[in-house]
Amino acid sequence: MEDKVIDAKLKFLIYACKQTHNFKKLAVVSFILTSNEIDKIGLKLGVRNRNKKEKESIFEYMETINQLFSKAVMVEIFKAELVNTVRECELIFVKNRGELPLEFIKSMFSIYYALRKMHVPNINLQINDEKLIYNANMNAFSFLFSQRTSKTKGSSKFTPLILHKLREQEQSLQQDLRNSFDAVKFEKALYLTKIKNSLENRKSAKIALEGPLKDNIIYQYSTNRIFGYYLLGLSILLISLGIGIVAEMFLLPLLMNTCGVLILLYFGVGGLLLLFYIKRFRSGR
Amino acid sequence: MMSRITLLFKIFFICGIFISFTSFFLDWYIFQVNTATDELLVSWRYNIIAGWTTPFIEDSGINQLLRPYALSIPLAVNLIFMGAIVLSLYGLIFKDIENTDEMKSFIKFNYSNLGVLIFNGFYGFVFPVMYLIPNTLYFPTFTITQLDSGVISYYSIGIGYILQLIAFSLNFPYVAFYMDTMMKFEKRTHTLENKMENVLEHLQEPLDLDKLIAQETLQLEGE
């Protein structure tokens, strides 16, 4: 249901309940709406679902989300006052079996609207096209520097520098978010964390695709790598044949003199191709 | 449409697969002994399916005497290889990884492609090292002339084996590239939002505001 429709209906319901003095119904509705909104936020943030069978309360779930995001990005999604108000209202609501004083009902509705206003980003859809290009630029940036200086797999001398810059940005965003929650800044903080993690552990990082593979710019630029694989395949083949002949020499030593040229040919050409592949296609990855 | 580069290597891969398949029916190793007058004394040809065969109709004693040892490559290996070839060929002809919205369904084709490549490699490397050399069948090509008798022995890999090597070099770029691509890219399904809505439907408590309003309106009218 659209928010506008909900608002209109809610307005009407509040008016009707006021007339009938049926505040219990309003209390229940305010809790259901808040509970549903919290479920939605949890799902969007990729947190486990609220354990309703175990009667996990709304405020407990909010605290869980806060704990998780404090650890992951040093950001508390829900402010402490908000959680405390929910706790207060919820405990009275449960204790009184659905009865809630009017001021608490008002608080619950304002919490519901506060949650709705948060516009929490959907982590599952976090990387959009724009960010993919940003990601590609990040890779290109590190690639530019790593061509001559790379020492370890998938890492460059400049990776710590990039990571440092990312951490700085991340900390500044976290500071801003501590003061007031901003969906855009939060999304940015999450994204920075993701890039940081992917830089720290490049092997496990995957690039998310929106459309078909052929429409992806990173894929289009990466098709040239296939030539590299062609060279790699040839070098593997030649080196394998060379190893085969070396094995033959060890098993049948009388062939030692005859096989020398062949070994030189296979290992030489194979090695050259491998070297060319590493220099041209591997070092700049 | 595929990009020209990937199309080129896809054609390479199709050729590689056909060459692989064809190689099953050709000679993989040839062993011949000729006299000084170029008379054929011994002739054995090895085929991956049929084993050692000789062109002699009436087999002479010396031909039988110099018959090479049986190279026992398990039949199951050949059958798995053929299965992988068929699956890869199906994937190549009827599926297009670049245009698909279901990238996960390509995993099995990618693995079958990898299977074909591994078998190419197995035959290219393991066949000489594990089967030929231990049986004193020289690799790749040797001619031994016995000076006293003038008998010439030819040991040579056959066209089937050479085709297998060519197939490996043709198959490698396409298979490696798409294995790498599958590892690097993950498909985000377009239905993710729909899926989330479905999950939310199950997760959230149902709230029929219309019904609640109607109940209150009825009560008001009753009063």
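Predicted model: local features only at pLDDT ≥ 70, side-chain atom pairs only at ≥ 80, totals over all residues.
Q: Where do A:Arg50 and A:Asp39 sit in the chain?

A: A:Arg50 is in the loop between helix H2 (23-44) and helix H3 (58-73) of chain A, whereas A:Asp39 belongs to helix H2 of chain A, and the pair, eleven residues apart, links distant parts of the chain.

Q: Are A:Arg50 and A:Asp39 buried or exposed?

A: A:Arg50 is buried, and A:Asp39 is buried as well.

Q: OK, and how many salt bridges does the structure hold over all chains?

A: Over all chains there are ten salt bridges; one of them joins A:Asp7 to A:Arg116, with the closest N and O atoms 2.9 Å apart.

Q: Why does the pair of A:Asp7 and A:Arg116 tie together parts of the chain?

A: A:Asp7 lies in helix H1 (residues 3-20) of chain A and A:Arg116 lies in helix H5 (residues 102-117) of chain A, so the pair ties together parts that are 109 residues apart in sequence.

Q: Which of these is buried, and which is partly exposed?

A: A:Arg116 is buried, at a relative accessible area of 13%, while A:Asp7 counts as partly exposed because its relative accessibility is 26%.

Q: What about the salt bridge of A:Lys9?

A: The side chain of A:Lys9 meets that of B:Asp210 in a salt bridge, at 3.0 Å from N to O. This pair crosses between chains, running from helix H1 of chain A, where A:Lys9 is found, to helix H7 (residues 209-222) of chain B, which holds B:Asp210.

Q: And how accessible are A:Lys9 and B:Asp210?

A: A:Lys9 is buried, with a relative accessible area of 18%, whereas B:Asp210 is partly exposed, with a relative accessible area of 43%.

Q: Let's turn to the contact itself: how many residues does it take from chain A and from chain B?

A: Chain A contributes 70 residues to the contact and chain B contributes 60 residues. The area buried between chain A and chain B is about 5,900 Å², and carbon and sulfur atoms give 71% of that area.

Q: How many salt bridges and polar contacts are there between chain A and chain B?

A: Between chain A and chain B the count is three salt bridges, and there are twelve residue pairs in polar contact, with both residues at pLDDT 80 or more.

Q: Which element gives the most to the side of chain A that touches chain B?

A: That is H10(A), which gives 18 residues to the side of chain A that touches chain B.

Q: Changing topic, which residues touch the most other members of the largest nonpolar core?

A: Among the 70 residues of that core, B:Tyr29, B:Tyr46, B:Leu71, B:Tyr123, B:Phe127, B:Phe139 and B:Tyr161 touch the most other members. Helix H5 (residues 159-184) of chain B supplies the largest share of this core, eleven residues.

Q: What is B:Tyr161 in contact with?

A: Leaving aside neighbours within four places in sequence, the contacts of B:Tyr161 include A:Leu241, B:Trp28, B:Tyr123, B:Phe127, B:Pro128 and B:Phe139.

Q: Last one: how many disulfides over all chains?

A: The structure holds zero disulfides over all chains. A:Cys89 is buried, with a relative accessible area of 0%, and A:Cys259 is buried, with a relative accessible area of 0%.

Terms used
Residues numbered from 1 in each chain as written. Chains lettered and ligands numbered in written order. Heavy atoms only, no water. Salt bridge = Lys/Arg side-chain N within 4 Å of Asp/Glu carboxyl O. Helix = DSSP H or I, 4+ residues; strand = E, 2+ residues; numbered from the N terminus. Buried < 20%, exposed > 50% of the residue type's maximum accessible area, 1.4 Å probe, protein only. Disulfide = S-S within 2.5 Å. Core = buried A, V, L, I, M, F, W, Y, C linked by side-chain atoms within 4.5 Å. Contact = heavy atoms within 4.5 Å. Buried area = accessible area lost by both parts, 1.4 Å probe. Polar contact = N/O pair within 3.5 Å; in protein donor to acceptor, adjacent residues only side chain to side chain.
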